[in-house]
Amino acid sequence: MGVGGTTLQTLKLASLPSFSSSRFVFKPLPKTLTFSAPSRHGRTQRPPFPLLARALSAAPAVQTAPDETAVKPQWKAAIDFKWIRENKEAVALNIEKRNSNANLETVLQLYDKMTHLQKEVERLRGERNVVANKMKGKLEPAERQRLIEEGKNLKEGLVTLEEDLLKLTDELQQEAQCIPNMTHPDVPIGGEESSVIRKMVGSPCKFRFPVKDHLQLGKELDLLDFDAAAEVSGSKFYYLKNEAVMLEMGLINWTLSEVMKKGFTPLTTPEIVRSSVVEKCGFQPRGANTQVYSIEGSDQCLIGTAEIPVGGIHMDSIVAESLLPLKYVAFSHCFRTEAGAAGTATRGLYRVHQFSKVEMFVLCQPEESEFYHEELIKIEEDLFSSLGLHYKTLDMASGDLGAPAYRKFDVEAWMPGLERFGEISSASNCTDYQSRRLGIRYRPSEPSSTNSKKGKGSLPPPKFVHTLNATACAIPRMIVCLLENYQQEDGSVIIPEPLRPFMGGLQIIAPKSR
Amino acid sequence: MKGKLEPAERQRLIEEGKNLKEGLVTLEEDLLKLTDELQQEAQCIPNMTHPDVPIGGEESSVIRKMVGSPCKFRFPVKDHLQLGKELDLLDFDAAAEVSGSKFYYLKNEAVMLEMGLINWTLSEVMKKGFTPLTTPEIVRSSVVEKCGFQPRGANTQVYSIEGSDQCLIGTAEIPVGGIHMDSIVAESLLPLKYVAFSHCFRTEAGAAGTATRGLYRVHQFSKVEMFVLCQPEESEFYHEELIKIEEDLFSSLGLHYKTLDMASGDLGAPAYRKFDVEAWMPGLERFGEISSASNCTDYQSRRLGIRYRPSEPSSTNSKKGKGSLPPPKFVHTLNATACAIPRMIVCLLENYQQEDGSVIIPEPLRPFMGGLQIIAPKSR
């Protein structure tokens, strides 16, 4: 388990001639990027966290007994049951195309039961109020006694009904939360093989020598260590070393810089979150084969993507319309159990438990989400084209969308060492699926003067925002792409031009003399 | 019993053999239990202490070096929380909802500041010959223990993963220490010098009060850590080298700080000697710890099983020959904080605040922040 050549290596890195004394490794973000210049793009670049209303106060992270499974939902998704009932054929068809196990009939039946029960409860409450009012007046003792009895019966009946209503509401929530988002009409129907190529850029580079995969390159160039990590942490963990560290930092810095230029607010986020937030984003922290790591002795989990903590920022609030769209670019580490993932598609950096990722997240008005979906995929494609990758953008088929996604574009890049395309990013339009669970709404601005009901207290009702998320850079898979595509016959790897200023001018990762 | 024997003799020997075997099994079980008990007790014994270490509690720590002086402000000084709010750099409120207290989002220029600090620090330390690393942040709990921490003690600082024997690291010292676990390193490779960037997670159980406001004490933070493995006779030299690197970094940033030789009652169990650096934080109106450099001698290496093979002895050794390699010896390990980002952000915001509410970026960081010179209040 030695690290042969390390000492020589570090000396060599330090003496590379291109490094000036004050700007060794990480070239500055280009001066075009600025926060202080007045050329800032208007309101969208610097929204404060706009909270007109926060429903819940912060409760401390809760300790749960280890064997307590979350059967009872602790939060409620604002599902539009009336809409589902009115569109049940479309919803049923959608459930089928998505291969979802949601049970629409059960949901509708429970909803009917619940509405009846609610009416019953209201009726009883009304009767109890009538009795209470009668008791205020002057009454014969016999009459008073009779009313007292009646009041008591009503109260007991009410308590029972209210308990039933609570149980029913929980049951309804549990069933209804399984219903996947609706699907964009243009989404191809079918399984993975039905996904349609939207765009193809470049072509596989031709090598005049035997191609190495990233693991071999990583070993020969002393960039990766999976063996030591297997001892320290387990399989699918790794150390990055030497120029690979510079590559990771360069990729993060360059990506943040490029996306900030497009008006996105940069963020770093917590990587430990309450499990309820994970659920509200549409993931299942405690399902079998869950992707989510849980923290022992608490209701917290590790995030698998910054989509979760960023989605949570505006939880349970009403955002002013003027602040939309809110566009965030977040850097975080991500943790995934990868339970159930096995086989050749898991070698090396392709599938790991921990990785760095730069994620884009947008909150916008419903009518604009398709526009921003196109904007996000364009940003991704520009990034990947800049790095000279050969890739294809796919419109994912209905059977391959996650429950939250209305439409999803995946980008797969050519990985010559793996001899196939591998997914490097995903851009989803989740419409109001997440916002109905996270409770994120906006107040539309004053309607036009055609609204005759204007006046104090007649603000338009709040509506749910639409949310979108897209991977700007998933570092390990990007490293796979760059190492494998830019390898040279002599075993070195060329650094794509755009990254060099963010890596102290480094142009090439060369084999070390031993 | 291999020879030729009378049947009676054979029978007697068989009996004797059986008795011996049973006795052995019992003794071996006892030996196992005793070894475990011995280990448990012995592992509690702290490392020896450098003779120059001041004896006593926290208040007995001695100032080795004092650099700079508290900057004088001609206007009311704000703390980093207020500056963070006014400049839209920090959000603790949203994080309290999403994650719990002592979590936060960094926003806008604070993100650039974090990235700038990490990049600059890595760059500076790499120039000194350290090999850069990023590390796993989930590790087996046994590795945590071998480094001298107690993942499952009461008031533990360590987060554990449900359903596994894994934990989150509180410092990159742990995964870096683990790299050479159970191995013998060639002497020619020493010293091994690593600079590692990782996120760190700490429960901060039992920490309460004013010393916990804002970024000063949080559950998750970025840190650049230096780790050295060397020959025993060289560890004091590298301890001095590490503290010098830290002091140069903090001086470059223009901080006012003091370096303390920590007193015997304030060393962690692994440390033979520990130097802490405390920087002046005008918003908190006191010094706050921003780094720690420990010489753990062979405390960690004996637990992690890291040894080296001394090179061939000089020709005065007459026993030279095949198979008479010198026996391996335990390395010494040292660790030192190059940059703990949140406390550095506290220092920079509070020390470099201007009367108009803006914050100046120290010169060395500017090239790593796109040339940004100042964090200015935003017009709304």
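This report looks at a sheet in chain A, then a loop residue and a helix pair in chain B.

## About the model

The model is predicted, with local features needing pLDDT of at least 70 and side-chain atom pairs counting only at pLDDT 80 or more, while totals for chains, interfaces and linings use all residues. Residues are numbered from 1 along each chain as its sequence is written, chains are lettered from A in the order written, and side-chain values use heavy atoms, without hydrogens or water.

## A sheet in chain A

Strands here are DSSP runs of E, at least two residues long, numbered from the N terminus. Three of them form an open, mixed sheet in the order β7-β13-β14 (chain A). Its edge strands are β7 (317–320) and β14 (463–464) of chain A, each pairing on one side only. Pairing takes at least two DSSP bridges.

Strand β13 (residues 440–443) of chain A runs antiparallel to β14(A), joined by two bridges. A:Arg441 stands opposite A:Phe464 in β14(A).

## A loop residue in chain B

B:Leu267 sits in the loop between β10 (257–261) and β11 (273–281) of chain B. B:Leu267 is buried, at 14% relative accessible area (buried means under 20%, exposed over 50%, partly exposed in between, with a 1.4 Å probe and protein chains only). Among the residues that B:Leu267 touches are B:Thr49, B:Val53 and B:Tyr272; contact means heavy atoms within 4.5 Å.

## Two helices in chain B

Helices are DSSP runs of H or I, at least four residues long. In α4(B), B:Trp120, B:Thr121, B:Glu124 and B:Val125 meet B:Ile245, B:Leu249 and B:Ser252 in α7(B).

Definitions and conventions: Lists of a residue's contacts leave out its neighbours within four places in sequence.
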